[in-house]
Amino acid sequence: MQTVPNHQVDNLQIEDDRTGLSVECLKRAFLDNLFYVQGKFPKIATKNDYYMALAYTVRDRLLQRWINTAVIYTERASRTVSYLSAEFLMGPHLGNNLVNLGIYDQVKQAVSELGLDLEDLLEQEEEPGLGNGGLGRLAACYLDSMATLEIPSLGYGIRYEFGIFDQDIRDGWQVEITDKWLHCGNPWEIARPEWEVYVRLGGHTEAYTDEHGRYRVRWIPFQVIKGVPHDTPILGYKTNTANTLRLWTAEAPESFDFAAFNSGDYLGAVQEKMVSENLSKVLYPNDDSSQGKRLRLAQQIFFVSCSLQDMIRIVFRQNVPLEKFHEKFVVQLNDTHPAIAVAELMRLLIDEHDMGWDQAWQITQKSLAYTNHTLLPEALERWPISLFRELLPRHLEIIYEINYHFLEEVKAKFPGDSDRLRRMSLIDESGEKYVRMAHLACVGSHSINGVAALHTKLLQQDVLRDFYQMYPEKFNNKTNGVTPRRFIVLSNPRLTNLISSKIGDNWIKHLEDLKHLEAFVDDPEFCSQWRSIKSAIKQDLVAYIAQQNGITVNPDSIFDIQAKRFHEYKRQHLNALHIITLYNRIKANPDIDITPRTFIFGGKAAPGYYMAKLIIKLLNSIGDVVNNDPDVRDRLKVVFLKDYSVKFAQRVYPAADLSEQISMAGKEASGTGNMKFALNGALTIGTLDGANVEIREEVGEDNFFIFGLTAPEVYALKARGYRPLDYYHSNRELKAVIDRIASGHFSHGDTKLFKPLLDSLLYRDEYLLFADYQAYIDCQDRVSQVYRDRDRWTRMSILNAARMGKFSSDRSIRDYCQDIWNIKPVPIELGECIQAKE
Ligand code: GL4
């Protein structure tokens, strides 16, 4: 579709009520949107109507930034980051946009003058849960930082109709419920059907000779699917930049197959529409694992092809020659989910745009960069060749050709090493044949990075060792970070105000400035303010828990929180062993003096992950017994908060005293929850895994509770032959804990319920819970001791927050810009014609 220049419209002054920021103006605009957009007036409006009216009022106020940003990027053909990710776990938009626009207080006042409560309206928003956990949330933090740092960027992904499932707990078990986040409409997105693109699937290829006598390939697909972009603005914090998150929905090319319709096969015609729309129907709810499902591969090619075609459209519109694609765009692959981009970009350049192989390969490699997010073997994506051939016949040919050239290179560098060729090949031929997506990403990218120092080291030494030996220059580390805007300014306004009252508010954009807080650790008044804020937030959570779970919690107890996806390697069940240890101590000696604790859990398990679901059941079962045992009194409580989400995480991080980061060393690539807790003044109990290592380095050994085997010790123990039963027999407390579970104490006498879990611990214990048990318990005992010294604990808490500067996603993004992307900020000025009058 062509745009129509219209100078009359270009020169128009935008209505004041759509941009004004005074309380009066905001009130008028709010009521106006309630009436004209929602079609309601106050007497009959629902809370959701009010939320929508407010969302539109805020959206109006960011549109000028959004449009100006797009205009300036287009005029200057700015170099742009394309962040390709199958997941974007954005969290609610409204609060974040209020913070980033700097209008939180005005809006709060405006709605309160209309008799409404802003917090109440913020609660209304159904968050877009288009991600599983850390990987998707990292993408969202990076978008926030790129906009804040004025880096031209586009996030590309899938607009899943159903995001991550809602979690209910029934009889202690997780039950999954479909997430209907679009049910009440989404005020933050704008569909751009004029930029629709088509993606082919299936069918076969045919070789032919073109008019210049060149060998060419034509792909005759079985199915064509239309991708329609939906754009959401991503505001920077107190900048004029508003970048775009572009998510694709899948549709049938025509809403009717007229031939089928005319032949009377109406249902057949509609069938095709349904099949096509399936592609963007649902997010796969697996974190850190891959199942090799056809629909998942179809989703990947769908969003990758849509996005690359969109970039090529932009290149042409900005009059950049296609040969300079890599100068206009750098494409960051968020894990291997978009790794098919290597073959798809080659295909687009060669088959659709007549480019030769060598030039296309150069452009591809120069454009693409790959981030690895996991060390778990089960998460490394591999697709059966048969599936590939069926769905992506042309891509498979291209991959074979890439592989041919690549293996030639390997042979040249390591002559006579056939074992290496077999290990490195893009095709796994050890049994059924597979395409190895991580290998494809490594070969097709100019940069390969891990997400924490230890993770990158382990990639180089182990998972991607051959690739490190082949291309050492491609490898680099980019330690993860989190956005302080959402994870402290928005979620913890009380702490934000205290910090800003002492050191100004520069830290919000320059998190290293938090170090100036260290000057106040010996100031008793500051310490007491720090403590009373934590205590007030804990009180809020106490009220929430009472209302949600009907459990009465002691607000002075240690709030000991483990909130993250459920996975055996994350060892929520190690935490459970500690709870039962304390419980056993109380049962043995009811008057024992122990530091009261509230154990709080949140997180979802993949629906097909039986063991993770059994661990959820175990925690709930322990809670049922412990919370109601009169011997325990108010010394221990176990709370499982259901349906963990971004919205909910924002409530939990600020309330924590203790953050549980207890994965088996060598398994957690980085973790990012660990950063969010510490930023809010929680102390960490953790292993030397992922970013814990760097957090401890920053906050200092004395301010971090470390325990357990290191990654090399884990490997050594496994190599020696690990025997969990030996630990069981030789450790009295551990044995009592296991026996307590086995006895049916937590399962109404049912001795079978937890048997699979106990057997897996006693006879395999893949994640070395028993080996780390005693060290964990000893460390927890230290935690309990230190907590009794309130001043010491407060001091440690302040120092943790003060030393978290490194873990801002702004720092991560600056590192990406410098080392991988070669991109500079492009500041946005608000142009004359669309500037607010305010
Ligand atoms: C993850 C890692 O498990 C997690 O440690 C890391 O912090 C996150 C972001 O880099 O990526 N990888 C996958 S898969 N899911 C994750 O959360």
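1. Two residues are in contact if their C-beta atoms, placed from the backbone, lie within 7 Å. On that criterion, 37 residues of domain 2 touch 32 residues of domain 3. This is a predicted model: local features need pLDDT of at least 70, side-chain atom pairs count only at pLDDT 80 or more, and totals for chains, interfaces and linings use all residues. Residues are numbered from 1 along each chain as its sequence is written.

2. The domain layout comes next. Domain 1 covers 16-79 + 93-126 + 823-838, domain 2 covers 80-92 + 127-478, and domain 3 covers 494-717 + 772-805. These bounds come from an automatic or database domain assignment. The C-alpha centres of domain 2 and domain 3 are 36 Å apart.

3. Now the side of domain 2 that touches domain 3. Helix 7 (134-148), strand 5 (166-170), strand 6 (173-177) and helix 18 (453-463) each give at least two residues to that side. Helices (H or I, at least four residues) and strands (E, at least two) are DSSP runs, numbered from the N terminus. By class, this side has 15 nonpolar, 15 polar and 7 charged residues. Ala, Val, Leu, Ile, Met, Phe, Trp, Tyr, Cys and Pro count as nonpolar, Asp, Glu, Lys and Arg as charged, and the others, Gly among them, as polar.

4. The ligand has 17 residues around it, and the closest are G134, L135, H373, A669 and S670.

5. Helix 24 (residues 610-626) packs on helix 31 (residues 755-763) at about 110°, with axes 9 Å apart. Axes are lines fitted to C-alpha atoms, for helices over the stretch in contact, and angles run from 0 to 180 degrees between N-to-C directions. The two helices are therefore roughly perpendicular (65 to 115 degrees). M611, L614, I615 and L618 of helix 24 meet P756, L757 and S760 of helix 31. That contact has 6 nonpolar residues, 1 polar and no charged.

6. Helix 2 (residues 23-36) and helix 5 (residues 104-113) cross at roughly 60°, their axes coming within 9 Å. They are therefore oblique to each other, the class left after roughly parallel (under 35 degrees), roughly antiparallel (over 145) and roughly perpendicular. V23, L26, K27 and F30 in helix 2 meet residues of helix 5 including Q106, V107 and A110. The contact divides into 6 nonpolar, 2 polar and 2 charged residues.

Methods
A residue is near a molecule or strand if its C-beta atom, placed from the backbone, lies within 6 Å of it.
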